[in-house]
Amino acid sequence: MLLSFLYGIPSDQASELARIIIRSASESIASAALNLEKLDRNEYQECRRQAAVEFATGRIAQLQSQTEVVARLTADALTRIAQFVVEYRKAVRHANRHIIPAYFTDQKRVPIDDIYIAPTFQTSVSARREASPLASVLSFDGSNFEVNLDQLLAQAYRVVVLGDPGAGKSTLTKRIAFDLTADADPGSTEKVPFIVTLHRYQEYSSQRRLSFVQYLRRVLTEDFHLAVEDDAIEYLLATGRATVIFDGLDELLDTHRRREVTSAIEGFSQRYPSSAVLVTSRVVGYREAPLDPEKFRTATLMAFSDSDVHAYARRWFALEDTLSPTDRVQVAESFIADSIDIADIRSNPLMLGLLCNIYKGARSIPRDRADLYEQCARMLFEKWDSSRGIRTRGTLKSAARLALQNVALWIFTSPDLSRGVGEKDLRNRISASWVPRRFESIDDALEDADELLSSWRGRAWVLTDVGTTLRGDRLYQFTHQTFLEYFAAVELVRINPSPAKLWKALGPRISVGEWDIVAQLAVQIIDERYPDGKEKIFRSLTDAAGSKSSNPYHVRMNLAAFAARYMDVLLPSPAATRRIVNVTVDLAIEAQAMLATPRSALGWPEEVEVQGDEADLDELDDTMAALLTVLAVDDSRNTVRDQLVKRCWELVKSPLPKIAANAFVLLGNLSEVSLLLSSYWGAEEDEELLRAEAAAMKDARMRALVSQRLSQWAPFTTKVGLTAIRHGLISYSQFAAVTPIAVSFTQEANIYHDDLRDITRPAVALRLLSNFLWDAQSNSDDYADALEAIEIFSGQIEGLKPPFIQVHTIDELVFERRIVNPYYKRARDAESILQLEDQARRTAVSLSEDIALGAAVLLGAVVELEGWDLLDESEDQIAFLDLGRMQSLETLFVARLERGMYFAMRECLARVGMTGWRRQLLESWSERKVDFTYANVRLQEAPRAARRAQREAEEDVDLDVVVSELVSERTRLSGA
């Protein structure tokens, strides 16, 4: 009624318009308002006020422009429009019900539901919208999140869909049009999709400037032979029934023209605010002329997941009518399993279709990637071209491949061309490569170069237009990095046709971590063309990686890492495999001796990193990366493990103690290497490595070597002592004789990686103390060994200034649970407590000053690291320390933990006969004047210290008063 009264619209037309407006807006507005009111009442009131202002000043003006369209329509016109909508929706659905999948033997039309896999999108929200109080109400969960196609269409008010070539943008447009023309649910409004193909729009507009509405009217007449009622399209746009898809923004080659169209789309969206607008574009080139990010969200087509690949393959092969139903299923499952090693390639829908075609004929996928890319390229060049009517003269066809290879290597080796190469430069490059080999005259070469470029422009998978220069010169990029790298590798081999020449070109690049994929492909190609080409490359590679005199460490590591990464692809011979293992073992052992030195001392510049999949590992991991990668290769698993053990044994016997020591550490910690493998690649524990470690450490030859050379090895790495004592090759006293006291607190299994603490055994110090305090009999060899070790550690302390133990933490809190025990139960009285204290602390001690000091320092470090608390909170009771043979020194540790025991602590030290600097050290520690461990690592003590402070603050409370108040409260409650 209001619309009819204000604008003179006939009542029936006004009612229809009102229903459309209300149905489109009321539910979403009400939901958002309700959520906002719950989140922030003040913000809700401000939004109400602002909405009133906007409605008064702007919304009515928008409604006026919309209702002008309706006002021009008669009842008969509305009837004809309704009939047009029915016919048009049927025509659109019929036109988009089929697609042509990537079949190259024939052009098979397939129902879209039988083959199409709905994609996933990564959507983004502008910074301003993300910061808005409404962001959470509107389900903007962060600036980036994933949505499926249904969710995208539900939110598709203003969206730009971006995708790489072959990602399925054109098919997506057909799918959206097909879905929008399905029968609507009862009570909902039927949507009308309009598709504006932008390169076609540009062609029409070049003849006579057209508006988008004029273009749509012309296309609907030409494509669907429909009589389009005047104002019908504007009516559908104004009333919000239309969804407009602008397809192929990137296909407008002139960047200036693209910006004009971008502005036109934004103006169109503002004129028809009620209708949804969706724009498609390739990722490359979009940033040169983007739509306003404050008005348009972006949604990027994501690569196929494994489940998407599986579903597509099953549907693809199910349509293969040359196979029986059973064979279709079997072939599809075989393809899924056989293509798992090329997951990076099959995740692109276009490439996945190519792979299905290859597999359909050969029933296998080439393991050699160079062969795989060659088959894909041949299929695209020949069958893809013929299926789309692209023809190239025979003489030009023979030269096209060489030209493409030449251009690929040129672009690949020229970083300044990564954003695009101008058409003029491309033309000159091609023609120059043909003179004088193919043409005598540069003019003739240029003419054919123009024809070749024209044919390439018809192949979206070869080169793609990414815009124009300021001077209007077209810019091109390779559509797929995969084909750029492949054709560059082919050209590299063509101009370096022997292994020696190819290594001369590749070696300097691999040594600095460059040309990774191109080098791999080139090695595969040279092996096909030259006898033993791959083996000769591997020989050159391992020789360079093992040459300390010629190459610094980081160069040798990059060379070894390259060989390790591609063992499963290049499949070296057993002899080459053993050489690779030797190199990676040597580098890992060599690095262990240098880890304490600055990175630059290794000849490893700060800006140079090991390249490839392991590039994100830390410095210690870099030194192990190549070896771990070799161990992860399945094809030569037995050869690799056999050679690993052999090489370690060879190096353990080396006359160079530094090398021998670190080889012993590696061989004795293969179980930790197994954990690293599991951590990086998710593999199960490597039983072969565990068995190899156990066999080597039980070997009589190893025991003899350790006995003879322990003192020579130990100065080069503290890991020698840790490894030897873990395997029972030395005693505690032998360990103490070659290892600083601080190392006794090092977790044994984190020799190569700190993150493995949660699965380690207790440190040596804990086991030594357990043996000394409780476990060993006084007359046993174990006890004598523990006494000797503690005495040696005590001798190390003299002359050192505390703190002198640097350790991160102790993970096994075995001591607190064993030492801290409740003093009494609730029924005990204070007198009984004092008697127990006096009896425990007067236990006789028969230890020398050195042994008592050593044990006190070890136990004191444990106290600092574990942060013992003498308050059992579950029982609200005081606790005592059960220290076994050190019981007479309990007061020393209690004084450290509790205030007010200074005199008792001094009496304790006097009673055990502690004198001189030893007594002074323990007194200072008990009074917290010094620490045995570095203060910044005692993280676990902080919460306990806070509880202690709170308890001490409450010590002045009159307990009788508290009890009286509690009894009174209980009596009151009972009476109530």
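Across the whole structure, a search finds 35 salt bridges (a side-chain nitrogen of Lys or Arg within 4 Å of a carboxyl oxygen of Asp or Glu). This is a predicted model, where local features need pLDDT of at least 70 and side-chain atom pairs count only at pLDDT 80 or more, while totals for chains, interfaces and linings use all residues. Residues are numbered from 1 along each chain as its sequence is written, and side-chain values use heavy atoms, with hydrogens and water left out.

**Stop 1: salt bridges.** Select Asp931 and Arg896 to begin. Their closest N and O atoms are 2.8 Å apart. Asp931 lies in the loop between α43 (916–926) and α44 (941–953) and Arg896 in helix α41 (residues 890–897), so this pair ties together parts 35 residues apart in sequence (helices are DSSP runs of H or I with at least four residues, strands runs of E with at least two, numbered from the N terminus). Both Asp931 and Arg896 are buried (buried is under 20% relative accessible area, exposed over 50%, partly exposed in between, with a 1.4 Å probe and protein chains only).

Next, pick Arg726 and Glu693, a salt bridge with its closest N and O atoms 3.5 Å apart. Arg726 sits in helix α34 (residues 719–726) and Glu693 in helix α32 (residues 687–698), 33 residues apart. Arg726 and Glu693 are both buried.

Then move to Lys534 and Asp527, whose side chains meet at 4.0 Å, N to O. Lys534 counts as buried because its relative accessibility is 15%, whereas Asp527, at 29%, is partly exposed.

For a network of salt bridges, select Arg200, Arg218, Glu222 and Asp223 together.

**Stop 2: a strand pair.** Show β10 (residues 421–422) and β12, which run antiparallel and are joined by two bridges (strands pair if DSSP finds at least two bridges between them). Val421 has Tyr476 as its bridge partner in β12. Strand β12 (residues 474–478) is mostly covered, with four of its five residues buried.

**Stop 3: Phe483.** Look in helix α21 (residues 481–495) for Phe483. Is Phe483 buried or exposed? Its relative accessibility is 0%, so Phe483 counts as buried.

**Stop 4: the surface.** Finish with Asp341, in the loop between α14 (325–338) and α15 (343–346). Asp341 counts as exposed because its relative accessibility is 63%.
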